[in-house]
Amino acid sequence: MFRLLFILLMFAGASAHAGNLTGAQKDSVFELIQSRVQSTNTQQVNFTLLRKIKGLAKPIEQKGKIYHVSPNNLRYELVQEKSWVMVMKNQEVYIKDGDSKVQKRGKMMSKASDFIVSAVNGDLMKSEDFKSTASTNDGLVQAQFTPVNKKILNHVSLVKVHFNADHDVKEFVIIQPNGNSVQFSFSNLKRNQDISDSLFVLK
């Protein structure tokens with residue numbers, strides 16, 4: 001998903017006012033995304049996570065980092081007093097919570113990891129589990145993804161992606177059916193740099 005802005009801004013540059021991308025433009029975006037996915041082998045990005053929960057006066061803030069090596073190696077870590085790390089390697093998911101023992105997780109957590117990989121890979125737009133729209137406003141792009149898969153709808157009602165002027169994702173927002181939301185704000189994105197295999201091994 002982090003690579004999506006560059007592609008969409010190619011269309012945004014043709015119009016300085018707000019408007020939706022046409023079906024033909026979206027099809028071209030999908031083709032360009034796949035081309036760029038194939039040329040991106042690794043990605044790493046810092047993020048700030050805000051959890052907005054009904055009944056809480058302030059959102060819960062956490063910071064972390066995502067590492068991804070194509071096609072299916074993912075490390076998602078929260079940096080806090082007690083660390084929390086999830087690693088997906090070859091479709092198997094492992095979690096380490098602080099100093100506790102590493103735990104292997106099942107199919108549900110694997111689905112969550114696949115969702116993150118799809119976001120990192122930029123191919124959420126072609127997923128059959130979502131229908132998508134994209135619009136431009138003063139050269140900036142916002143994409144929205146609505147689940148059509150009933151199982152996903154139990155957990156996610158809408159995904160919003162906001163892009164900044166530097167051709168990167170600024171925010172990735174997941175809105176839940178109960179009104180709670182999870183917002184990722186990304187920074188310091190690096191592509192095609194070496195990532196140690198040791199990051200995908202939890203001990």
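Predicted model: local features only at pLDDT ≥ 70, side-chain atom pairs only at ≥ 80, totals over all residues.
## Overall make-up

The chain contains 203 residues, and 41% of them are buried. Its secondary structure consists of four helices and twelve strands.

Among contacts in the chain with a separation of 6 or more, 47% are between residues 24 or more positions apart. The accessible surface of the chain is about 11200 Å². Carbon and sulfur atoms contribute 50% of that surface.

## Nonpolar cores

The largest nonpolar core has 26 residues. Within this core, the residues that touch the most other members are Phe-47, Tyr-76, Val-161, Phe-184 and Phe-186. Another core, of seven residues, lies apart from the largest one. Its members include Val-85, Val-87, Phe-200 and Leu-202.

## Aromatic pairs

Six aromatic pairs are found in the whole structure. One of them joins Phe-47 and Phe-184, with ring centres 5.4 Å apart. The planes of these two rings stand at 65 degrees, so the pair counts as edge-to-face, the cut-off being over 60 degrees. This pair links distant parts of the chain. Phe-47 belongs to strand S2 (residues 42–52) and Phe-184 to strand S12 (residues 181–191), and the two are 137 residues apart. Both Phe-47 and Phe-184 are buried.

The rings of Tyr-76 and Trp-84 also form an edge-to-face pair, because their planes are at 85 degrees. The centres of the Tyr-76 and Trp-84 rings are 6.2 Å apart. Tyr-76 has a relative accessibility of 8% and therefore counts as buried, since buried means under 20%. Trp-84, with a relative accessible area of 22%, is partly exposed.

## Surroundings of Gln-62

Gln-62 is part of strand S3, which covers residues 60–69. Its relative accessible area is 15%, so Gln-62 is buried. The side chain of Gln-62 makes a polar contact with the side chain of Arg-51, at 3.2 Å.

Apart from neighbours within four places in sequence, Gln-62 is in contact with Phe-47, Thr-48, Leu-49, Arg-51, Leu-78 and Gln-80.

Definitions and conventions: Residues numbered from 1 in each chain as written. Heavy atoms only, no water. Buried < 20%, exposed > 50% of the residue type's maximum accessible area, 1.4 Å probe, protein only. Contact = heavy atoms within 4.5 Å. Areas by Shrake-Rupley, 256 points an atom, 1.4 Å probe, with all protein chains shown as cover. Core = buried A, V, L, I, M, F, W, Y, C linked by side-chain atoms within 4.5 Å. Polar contact = N/O pair within 3.5 Å; in protein donor to acceptor, adjacent residues only side chain to side chain. Phe/Tyr/Trp six-rings, centres within 6.5 Å; stacked < 30°, edge-to-face > 60°.
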